[in-house]
Amino acid sequence: MAKIIDGKKISQQIKDELKEKAAKLKEQGKTGALAVIQVGQDPASSVYVRNKKNACAYIGIESLAYELPEETTEEELLKLIAELNEKEQVKGILVQLPLPGHICEDKVIQAISPCKDVDGFHPQSVGAMTIGEPGFLSCTPAGIIQLLKRSGVEIAGKHCVIIGRSNIVGKPMALLMLRENATVTITHSRTRNLKEVCQQADILIVAMGKPQFIGAEYVKEGAVVIDVGIHRDENNKLCGDVKFAEVESLASAITPVPGGVGPMTIAMLMNNCVQSIEEE
Ligand code: NAD
């Protein structure tokens with residue numbers, strides 16, 4: 001039976017550490033706000049935005065909510081970002097994705113000042129991460145590194161196979177695992193022999209966005225399995241990309257869904273906000 005990597009508990013530890021740090025910074029006169037922008041009323045986005053505001057309140061950081069109507073133009077959104085870039089009290093700017101189809105996400109991401117890019121999506125943040133310079137790390141992959149480290153999983157020298165090459169999970173995940181001295185293989189929708197490649201993984205990170213796709217036949221005995229996927233099954237229950245029950249009996253450690261990677265993403269967002277306040 002695998003050890004269950006408890007993302008809820010680990011994210012709580014991180015948030016408590018950040019709360020303490022934010023209070024100390026406040027004593028030194030260092031404060032700041034996170035601006036959260038939502039365009040439209042996608043229900044999943046509304047839940048994420050609410051969770052982010054609640055996390056700010058817990059840690060003791062001010063959050064400013066900008067709830068814009070669906071028909072907001074790209075120009076209007078870019079103008080708001082330009083204003084927030086100039087506001088001294090705003091230390092982080094987060095635009096909840098996805099945006100409505102008429103707004104170009106890349107343009108919006110690139111409009112955010114890299115000093116306030118707490119999501120870590122700006123090309124400058126990605127570039128800095130690639131060459132190991134200081135900057136904001138993309139939250140989900142950074143959260144996975146914390147999950148592994150705080151669960152005592154050794155990374156250096158291990159073979160890590162990542163399924164997925166998206167800009168927000170797969171690619172930055174590969175770079176961060178490389179930074180931790182893992183030997184990294186990235187797989188994707190055009191990979192041949194996915195099963196055989198995955199069977200070689202000491203650490204298997206699954207971010208493919210396919211509900212309960214990865215079963216025991218993809219997993220080497222004793223591997224550590226990290227499930228990034230979030231879906232609702234036919235009974236409206238949350239599930240991941242991994243068939244948890246059958247993989248759990250084979251792996252040495254595994255993250256559940258919910259309660260694995262998900263809570264870490266917000267904790268690392270808060271980490272980036274506190275870092276931004278500290279560096280003002
Ligand atoms: P995406 O759709 O952008 O990327 C999916 C990747 O999986 C692609 O690179 C694709 O090549 C690969 N893929 C798809 N089918 C495949 C196949 N059959 N074989 C091999 N590779 C395949 O998704 P994403 O944004 O990276 O997110 C992945 C999952 O993680 C989604 O379920 C998403 O909801 C979830 N997610 C969770 C968090 C969190 O905080 N827990 C954060 C971001 C994303």
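For these notes, a cavity is a set of points, on a 1 Å grid over the protein atoms alone, where a 1.4 Å probe fits but cannot get out, and lining residues have an atom within 4 Å of a point. A pocket is instead an open set with protein on both sides within 12 Å along at least five of seven lines.

**Ground rules.** I am working from a predicted model, where local features need pLDDT of at least 70, side-chain atom pairs count only at pLDDT 80 or more, and totals for chains, interfaces and linings use all residues. Residues are numbered from 1 along each chain as its sequence is written, and side-chain values use heavy atoms, with hydrogens and water left out.

Rolling a probe the size of a water molecule over the atoms shows where empty space is left. I counted 1 cavity of 30 Å³ or more. The largest cavity holds about 60 Å³ of space; for a volume I take the space filled by probe spheres set on the points, with grid points joined across faces, edges and corners. I listed its lining as I93, L94, V95, L97, I109, I112, D117, D119 and F121. Strand 4 (residues 90–95) gives the largest share of that lining, 3 residues. Helices (H or I, at least four residues) and strands (E, at least two) are DSSP runs, numbered from the N terminus. By class, the cavity lining has 7 nonpolar residues, no polar ones and 2 charged. My classes: Ala, Val, Leu, Ile, Met, Phe, Trp, Tyr, Cys and Pro are nonpolar, Asp, Glu, Lys and Arg are charged, and the others, Gly among them, are polar.

Helix 6 gives the most, with 5 residues. This lining splits into 7 nonpolar, 5 polar and 6 charged residues.

I found 21 residues around the ligand, and R165, S166, H188, S189 and T265 come nearest. A residue counts here if one of its heavy atoms lies within 4 Å of the molecule. Next I looked up polar contacts (pairs of N or O atoms within 3.5 Å). A ligand oxygen is 2.8 Å from a polar backbone atom of R165, and for S189 the distance from a ligand oxygen to a polar backbone atom is 3.0 Å. Taken alone the ligand exposes 860 Å², and the protein buries 73% of that (accessible areas by the Shrake-Rupley method with a 1.4 Å probe). Helix 10 (residues 261–278) gives the most to the shell, with 3 residues. The shell has 9 nonpolar, 10 polar and 2 charged residues.

Most residues other than glycine have a negative phi, and most peptide bonds are trans. I noted a cis peptide bond between L97 and P98, omega about 0 degrees; P98 is in the loop between strand 4 and helix 4 (105–111). Another cis bond joins V257 and P258, with P258 in the loop between strand 11 (253–254) and helix 10. N193 has a positive phi, near 55 degrees, and lies in the loop between strand 6 (183–187) and helix 8 (194–198).

I get 10 helices and 11 strands. The radius of gyration is 19 Å, close to the 19 Å from the globule rule for 280 residues, so the chain is as compact as a globular protein of that length. That radius is taken over C-alpha atoms, and the rule is 2.2 Å times the number of residues to the power 0.38.

Notes: A polar contact is a pair of N or O atoms within 3.5 Å; within protein, one must be able to donate a hydrogen and the other to accept it, and residues adjacent in sequence count only if both atoms are side-chain atoms.
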